[in-house]
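Visitor: Could you take me through one part of this model at close range? I would like to follow the strands and the aromatic rings around them.

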Amino acid sequence: MWYKNLLALFVSFEVVNAFGSVPHTAKTIPEKFTLRIPDRQIKDFKSLLAASKVGPENLWLTEAKHAWLKFDWRRQEDRINSVPNFKITVNDADVGKTSMHFAALFSAKKDALPLLFLHGWPGSFLEFLPMLDILKRKYTPETLPYHIIVPSLPHYGLSGGPSDVELTLEVAARLLNQLMVDLGFDNGYIA
């Protein structure tokens, strides 16, 4: 069975590399990002959770606690890392530098249409992983007609941001637009 896991990892690695080539028109090259939480943090979290008491006794909270104790974080990391993930620093005149995370499927086609997919709040880029899986199965980088960009919203999730700046819709929109411009899509994109 170990060889099947190794084969799946190799196939996932190939897919991530295949769709992970940033277009040559990018003004800023993002860094490839692999999510990997240290074992110690996972162990500490589970220890604290196991030691915590649910009071007053509440069935929903008790079930949620047990679900988190059984949660396979490494499996979730593998799922997240099955698509290309990146980090890029976006600069805004009012906010300053903001670290942005995004998942992407980049096309090798010169005329690929850039598409920006945004999750709600609360929400997560994880909502789009099933769609990205369908696209990975249906297309190769040479046939994919789109550049698919799925960011974690600024100041949320895997994206960072200054804690002393209020993130308004206007600021978030500016940062997301700058992300797309920095990726070389300043001639237009669809959100």
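Guide: Two strands pair if DSSP finds at least two bridges between them, and strands themselves are DSSP runs (E, at least two residues), numbered from the N terminus. This is a predicted model, where local features need pLDDT of at least 70, side-chain atom pairs count only at pLDDT 80 or more, and totals for chains, interfaces and linings use all residues. Residues are numbered from 1 along each chain as its sequence is written, and side-chain values use heavy atoms, with hydrogens and water left out.

Let's start at β3. Eight bridges join β2 to β3 in an antiparallel arrangement, and a hairpin of three residues connects β2 to β3. Within this pairing, T89 stands opposite S99 of β3. β3 also runs antiparallel to β5 (residues 146-151), with four bridges between them; here L105 stands opposite I148 in β5. Of the 10 residues in β3, eight are buried, meaning under 20% relative accessible area with a 1.4 Å probe, protein chains only.

Now for the rings. Rings of Phe, Tyr and Trp (its six-membered ring) pair if their centres lie within 6.5 Å; planes under 30 degrees apart count as stacked, over 60 as edge-to-face and the rest as tilted. The count comes to seven aromatic pairs. One of them, F86 with F106, is edge-to-face, at 5.6 Å centre to centre and 65 degrees between the planes. F86 belongs to β2 (residues 85-92), while F106 sits in the loop between β3 (96-105) and β4 (113-116), 20 residues apart. Both F86 and F106 are buried. Elsewhere, F45, W68, F71 and W73 form one aromatic cluster.

Terms used:
Buried means under 20% relative accessible area, exposed over 50%, partly exposed in between (1.4 Å probe, protein chains only).
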